[in-house]
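Here is a short report for a first look. It covers the domains, then a sheet and its helices.

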Amino acid sequence: MNGNGLTILPVGGGGDFAPGTASNMSLPIKLISTDFDGTLFAEFENPPIPERLVSLIGDLQARGAKWVINTGRDMSSLMEVLARARIRIQPDFLVLVEREIYQHDGVRYVPVPDWNAACARDHAALFAEVRPEVASLMDWVNARYRATVYEDAYSPFCLIAGNNGEADLIHARMNEFCARFPHLTVVRNDVYARFSHANYNKGSALARLSQMMDVTRTEVFAAGDHLNDLPMLKSEYASRLAAPHNAVPEVKAAVARQRGFVSRLTCGNGVAEGLEYHLNGH
Ligand SMILES: [Mg+2]
């Protein structure tokens, strides 16, 4: 145990790490990118974020690594659920709505201004083109499914489907719609989906963060469980990948194909196992 009660783990595989060293020189992972729901956080578990994972991330942060929660949630919904989880660690960065980047300045989370401004500008221009066509897509959905479709601050078309099977069918229709608009794409997470600009996703945001931190992809760990995580579960952005047992088959396959770690444990326990795997020199 070190001074703050966290367990220091041997890392680097070569035994070159001296416990208690503040330096991150030997740290194989300098940026940890975790999805939130179903990856870090299990709503019906107690605690919802396991101590094993909190300790691991806390140790890495104490030694200079940075942690980003890379989620589809917006600020208020993430802050509320994080506060309720009452964990003793705090993310250094947030990627919200799968596209906006925020950095903790010691007091609060502040936007990364140039990225977020470009993101807002590009979405506004694209959605201005798309918006007039959206009503027909909403009609198509409403005529066939008991689903909720709406516009919110982040997208002119948002979907909450009745179940994943119907979400798959509506998703396919949304993909057809996207073919008419360069840069328009679907972000899908379970029964939820929305339109977004193809240049902004969990992966491009992670690449931007890596650039800001001056870390290479081999120093980046990423873990996720659903389709909206696929853009960041790419070895071009993070060569240390992990998926928990509850991840959808597409995510497990993508992680396995890129020599990542697919855990037999669910949610945060699976992510902890994945982090340990990569810290132990794999
Ligand atoms: Mg998730």
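How far apart do the C-alpha centres of domain 1 and domain 2 lie? They lie 25 Å apart. The model is predicted: local features need pLDDT of at least 70, side-chain atom pairs count only at pLDDT 80 or more, and totals for chains, interfaces and linings use all residues. Residues are numbered from 1 along each chain as its sequence is written.

Domain 1 spans 27-98 + 201-279, and domain 2 spans 115-197; these bounds come from an automatic or database domain assignment. The contact between them takes 7 residues from domain 1 and 7 residues from domain 2. Residues are in contact if their C-beta atoms, placed from the backbone, lie within 7 Å.

Now the sheet. It is open, has 4 strands in the order β6-β7-β9-β8, and pairs them antiparallel. Strands (E, at least two residues) and helices (H or I, at least four) are DSSP runs, numbered from the N terminus. Two strands pair if DSSP finds at least two bridges between them. β6 (148-152) and β8 (184-189) each have a single partner strand, so one side of each edge strand lacks a neighbour in the sheet. β8 and β9 (residues 192-197) are joined by 6 bridges. Leucine 184 has histidine 197, in β9, as its bridge partner.

| Helix | Strands touched or crossed | Angle |
|---|---|---|
| α4 (residues 164-178) | β7, β8 and β9 | about 165 degrees with β8 |

Angles run from 0 to 180 degrees between N-to-C directions, with axes fitted to C-alpha atoms, for helices over the stretch in contact.

Note on methods. Two residues are in contact if their C-beta atoms, placed from the backbone, lie within 7 Å.
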